Number of protein chains: 2
Amino acid sequence: MDKEKNEMCEEEIVHSASVEKVRAEMDEEELLYDVAELFKVFGDSTRTKILSALTVMELCVCDIAEVLNMTKSAVSHQLRILRQTKIVKSRRSGKEVFYSLDDEHISDIYALAIEHLKEE
Amino acid sequence: MDKEKNEMCEEEIVHSASVEKVRAEMDEEELLYDVAELFKVFGDSTRTKILSALTVMELCVCDIAEVLNMTKSAVSHQLRILRQTKIVKSRRSGKEVFYSLDDEHISDIYALAIEHLKEE
DNA sequence: ATAACAGTTGAACATTTATTCAACTGTTTT
DNA sequence: AAAACAGTTGAATAAATGTTCAACTGTTAT
């Protein structure tokens, strides 16, 4: 069943040439989903705080919680997301688990955003 | 009222030196909120699709809706977010409103993310 | 003036997601 | 072996967010 007139432009009225050109030249849909997923990870202030802290030095969960003034549980949940996306890595040392940045591309993207925001 | 023992590390056990160093050297909290807000805009596949399409060429709302196979309303809502954050700009031409990329820093960040994802 | 179309907007709805809470694992110390 | 601590995890709750729907504005054509 077709979409209603009110919700979709008529074939004739749409700039068909533009639509076709864009469809041919824009990035693959799958890649664009991945881009969104990647940025989603940075789109939370708890996680940007964790990343900023880890830019300074390696830290255990307890120290991150102390720096952010949050519970270990909340921090751990966010660290799991950062670990799963390969943005941070962890190593155990006795009872403690130390986290550090894993991906340098990520630092570059992060730094570029900071630079952009500071310029305003 | 203090947080419960179970939820916050004891002062003595936390690595106080690390915590102080990180607190002194990490980015300002306000900046980190802004970073998160900026990335949040890229953290949605509808918006990454719109940005990828506008990288190819300027487009009216109707064409974007056609390319993404979405309603004009849904696209317009997302365009508003991109406009408010100064990532895209618009110009009216008759009945149509054309959108294009506004900020080149943004294109750089976007390109860096694409590059990162393509390398894997 | 009226109809038709492009686009916008607010409210409702559905989905996602961050934090809390409680229970759990693993390591060290006594 | 038991207690103590660091960290993890799943379920529940609360908050944020994307899409739909319907009504609206603004422009052009009849």
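Which exposed residues does the face of H1(A) turned away from its buried side carry? They are A:Ala17, A:Glu20 and A:Ala24. Here exposed means over 50% relative accessible area, buried means under 20%, and partly exposed is in between, with a 1.4 Å probe and protein chains only.

The structure is a predicted model, in which local features need pLDDT of at least 70 and side-chain atom pairs count only at pLDDT 80 or more, while totals for chains, interfaces and linings use all residues. Residues are numbered from 1 along each chain as its sequence is written, chains are lettered from A and ligands numbered from 1 in the order in which they are written, and side-chain values use heavy atoms, leaving out hydrogens and water.

Helix H1 of chain A covers residues 16-25, and its buried residues are A:Ser18, A:Val19 and A:Val22. Seen down the axis of H1(A), these buried residues fall within an arc of 100°, so they line one face of the helix. The arc is taken from the directions that run from the helix axis to the C-beta atoms. Helices (H or I, at least four residues) and strands (E, at least two) are DSSP runs, numbered from the N terminus. The buried residues of H1(A) pack against elements of chain B, namely helix H3 (45-56), strand S1 (59-60) and helix H4 (61-68).

The interface can also be described as a whole. In chain A, 62 residues are in contact with 61 residues of chain B, where contact means heavy atoms within 4.5 Å. The area buried between the two chains is about 5900 Å², and carbon and sulfur atoms give 69% of it. Buried area is the accessible area (1.4 Å probe) that two parts lose on being put together, summed over both. On the side of chain A, the residues that lose the most area to chain B are A:Phe39, A:Glu66 and A:His116, together 11% of what that side buries.

Two salt bridges are found across this interface, a salt bridge being a side-chain nitrogen of Lys or Arg within 4 Å of a carboxyl oxygen of Asp or Glu. A:Glu29 forms a salt bridge with B:Lys49, and their closest N and O atoms are 3.2 Å apart.

Next come the aromatic rings. Rings of Phe, Tyr and Trp (its six-membered ring) pair if their centres lie within 6.5 Å; planes under 30 degrees apart count as stacked, over 60 as edge-to-face and the rest as tilted. By this rule there are three aromatic pairs over all chains. A:Phe39 and B:Phe42 form a tilted pair, with 4.9 Å centre to centre and 40° between the planes. A:Phe39 lies in helix H2 (residues 29-42) of chain A and B:Phe42 in helix H2 (residues 29-42) of chain B, so this pair joins two chains. A:Phe39 is buried at 0% relative accessibility, and B:Phe42 is buried at 1%. A:Phe42 and B:Phe39 also form a tilted pair, at 4.9 Å centre to centre and 40° between the planes. Ring pairs link A:Phe39, A:Phe42, B:Phe39 and B:Phe42 into a cluster.

The cysteines remain. A disulfide is a pair of cysteine sulfur atoms within 2.5 Å, and the structure holds zero disulfides over all chains. For A:Cys60, the nearest cysteine sulfur is that of A:Cys62, 5.6 Å away. In chain B, the sulfur of B:Cys60 is 5.6 Å from the closest cysteine sulfur, in B:Cys62, which is too far for a bond. A:Cys60 is buried at 1% relative accessibility, and B:Cys60 is buried at 2%.
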